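Trainee: I have a structure to read and would like to know where to begin.
Mentor: Open it, and we will take a few features in turn.

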Amino acid sequence: MSFDSREFADRLCGFRSTAGEETAVAEWLRDRLAELGFEPYVWDADAELLAGHPSFPDDPAEMATAGRRSAAGVLALGDADPAGGDDYPTIVLNGHLDVVPAEAEWESGDPFEPVRRGGPGGLNGEPSDAPETLTARGAADMKCGVTACVGAALDVREAVETGDAAVDCRIVVEGVAGEEDGGYGAATAALDNPYPFERDAAIVAEPTSLRPVVATQGSLMARLRIEGRSAHAATRWRGEDVLPRFERIREAFMTLETERGEAVTHPLYEAFPVAWPVVCGTVEAGSWASTVPAELTAEFRIGVAPGETVREVEAAFRERLANVVANDPWLREHPPAFERFSVQFEPAEVPPDAPVVEAVRAGMADAGLPDAEPEGATYGADSRHYIAAGIPTVLFGPGDIEEAHYPDETIAWNEVESARDALASAVVRYANAF
């Protein structure tokens, strides 16, 4: 079976693989990898296993693992044994198959019907001199990254078969489930290796604009609940309004954000206007316009710096909340609840001079890309699961993170091809330096 990268990416982007709907695309990927000569693997997210992971809920019943299937393919090149048992290196090229839902503001048609503009195909198949782009949900985040990984692995195999490269290694291409809400597929694979060999390094093809990212931020997901006392709006003084109390708590948290930005430093995050952001993403309060609101629930996402832990940051915000409570007689008698919910993201970091990072930078040079110093990112990624398992991992891929989760998500196709070339070279560089 030949590999047409455009057709492959378009087919991937055609799957509505939102949370819990990854099985169909994973099985399609497994079958395509098998047809291309990879040894295929599949695994499902394991709630019982993940319950022992510090980032996931302790109760397996609280995890949405149904439909969370991941797929992979292995190429054993040169003298490397597909079953392991040798000293040759294994490098993982990873991407996630899940996407976030597309909002109503999407303007270019069905988000899961890919649209190409410019380039040889143009719009509706008409050639164009304009740069080629692909618009679809998941185009940047990150199905084109998966496509680049598959193409890179095949390019290395071809180079070995034609004698243009001499390399003994295993290449694993993964398409994992559930990255957007915690990394169900990658965490399962990190905790329970699905392969009969060890993994020595990994590259996650997130949309990094073709720059190496060696540090990712963590996040605490916490839910605040405040109780007040209802009363008729005409006699509001008889009630205890939750809203001003919430505002005092939120203001205290934002002040702590500012303090942490000054006290918690990291050289890779100095360029960001807010290094460790605090966002209150949802607020629900009250039940009727003519009633003093007596209940409020708010959900926070709180940034965690590389080198910190979610537990440490949670303790700092609990202490700040306790200060607010201590100064409010009602809250002292009715203390708010502040509890984790969903999946927590621990920060992760790999040394900028790690062999896999140096291989990526060398691969970039081989592909004609400008050199870029390793960077940090204010988002989390599946790299953290592999790093926690002792597998050095770097992010590098096509597309701009600003397109991720955005209406009419678009990627420049030349970046996909450049990523493919750089990844292929990085694999060869890493394997020969192992």
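Trainee: Which residues touch the most other members in the largest nonpolar core?
Mentor: In soluble globular proteins, nonpolar side chains tend to be buried together. A nonpolar core is a set of buried Ala, Val, Leu, Ile, Met, Phe, Trp, Tyr and Cys residues joined through side-chain atoms within 4.5 Å. Buried means under 20% relative accessible area, exposed over 50%, partly exposed in between (1.4 Å probe, protein chains only). Here the largest core has 70 residues, and Leu93, Ile171, Ile203 and Phe396 touch the most other members. Apart from it lies another core of 25 residues, including Leu256 and Trp330.

Trainee: What should I know about the model itself?
Mentor: It is a predicted model, where local features need pLDDT of at least 70 and side-chain atom pairs count only at pLDDT 80 or more, while totals for chains, interfaces and linings use all residues. Residues are numbered from 1 along each chain as its sequence is written, and side-chain values use heavy atoms, with hydrogens and water left out.

Trainee: Which residue has a positive phi of about 60 degrees although it is not a glycine?
Mentor: That is Leu210. Leu210 is buried, with a relative accessible area of 11%.

Trainee: And what is the phi of Asp408?
Mentor: Asp408 has a positive phi of about 55 degrees, and is not a glycine either. Asp408 counts as buried, at 18% relative accessibility.

Trainee: Which peptide bond is cis, with omega near -5 degrees?
Mentor: The bond from Asp141 to Met142.
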